[in-house]
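Work through the exercises below with the sequence and the model side by side, and try each task before reading its solution.

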Amino acid sequence: KGNFIVTIDGPAGVGKSTLAKRLAKHLGIAYLDTGAMYRSLALHAGAGVADLSDAEMREMFTAYSYALKKEDDQYALYFNGKKIGEEIRTEKAGRLASVVAKIPEVRKALQKFQREIGEETALVAEGRDMGTVVFPYAPVKFFLDARPEVRAKRRYDELTGKGQQEKYEDILQNIIARDEQDRNRAADPLAPHENAIIVDTSELDIEGVFQELVRHCQIVA
Ligand code: C5P
């Protein structure tokens with residue numbers, strides 16, 4: 001049924017983005033970063049969305065749009081006609097996204113946008129609920145995991161590499177808090193789909209994980 005979809009779910013800092021991007025390129029299909037959708041919405045609407053009624057929230061979303069566009073050999077995500085950029089890649093935006101992502105009406109609206117994108121094009125879709133809720137029929141579903149300390153170290157290296165000044169301890173606390181929030185929320189908590197291929201990346205480097213993902217995709221293709 002429909003387009004070929006690969007889902008990659010997992011907690012913060014596990015390497016989903018890097019791997020999803022590489023896998024999409026390898027398979028020659030589009031890459032959808034759903035965390036970027038929550039982050040851009042959170043930065044735009046602020047924590048105040050939590051106070052809106054369901055009706056007000058639905059009204060708000062009628063004015064919003066998301067689009068995935070191919071530019072050269074990259075895929076860019078647009079929010080309300082504007083390309084989403086590096087401004088969403090901060091710890092603060094991640095925290096705010098996680099708060100906004102608890103709201104069922106927000107999830108429903110973004111999941112609808114995500115399904116529409118999946119109806120247009122084959123995808124590697126990355127997030128928290130891609131396999132469990134948005135694309136449960138996807139033929140390949142991955143769930144990546146790693147110890148919080150390993151993920152905090154990776155995120156620390158990534159952020160300091162980009163020149164952002166963050167303390168390792170703060171990142172670790174942020175990761176633990178965000179995990180807690182994402183795994184225990186009532187609406188679509190972070191969890192593997194029952195058919196997901198679970199990969200613990202704590203002891204593997206990106207290359208090792210990538211090869212494993214490719215291998216599983218070949219079995220299905
Ligand atoms: O993946 P990323 O760290 O960019 O996601 C930011 C936050 O957005 C997550 O902590 C999570 O709360 C939320 N999110 C979600 N469902 C998704 C993707 C992201 O709830 N599919």
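**Exercise 1.** Does Thr201 count as buried or exposed, and at what relative accessibility?

*Solution.* The model is predicted, so that local features need pLDDT of at least 70 and side-chain atom pairs count only at pLDDT 80 or more, while totals for chains, interfaces and linings use all residues. Residues are numbered from 1 along each chain as its sequence is written, and side-chain values use heavy atoms, with hydrogens and water left out. Begin by finding Thr201 in the loop between strand 8 (197–200) and helix 9 (206–220), where helices (H or I, at least four residues) and strands (E, at least two) are DSSP runs numbered from the N terminus. Next, apply the cut-offs: buried means under 20% relative accessible area, exposed over 50%, and partly exposed in between, with a 1.4 Å probe and protein chains only. Thr201 has 1% relative accessibility and therefore counts as buried.

**Exercise 2.** Which residues does Thr201 touch, leaving out those up to four places away in sequence?

*Solution.* Contact means heavy atoms within 4.5 Å. With that cut-off, the partners of Thr201 are Val14, Leu144, Asp145, Ala146, Arg154 and Val209.

**Exercise 3.** What percentage of the residues of the protein count as buried?

*Solution.* Turning to the whole protein, which has 9 helices and 8 strands, one finds that 48% of its 221 residues count as buried. Among contacts between residues at least 6 apart in sequence, 75% join residues at least 24 apart.
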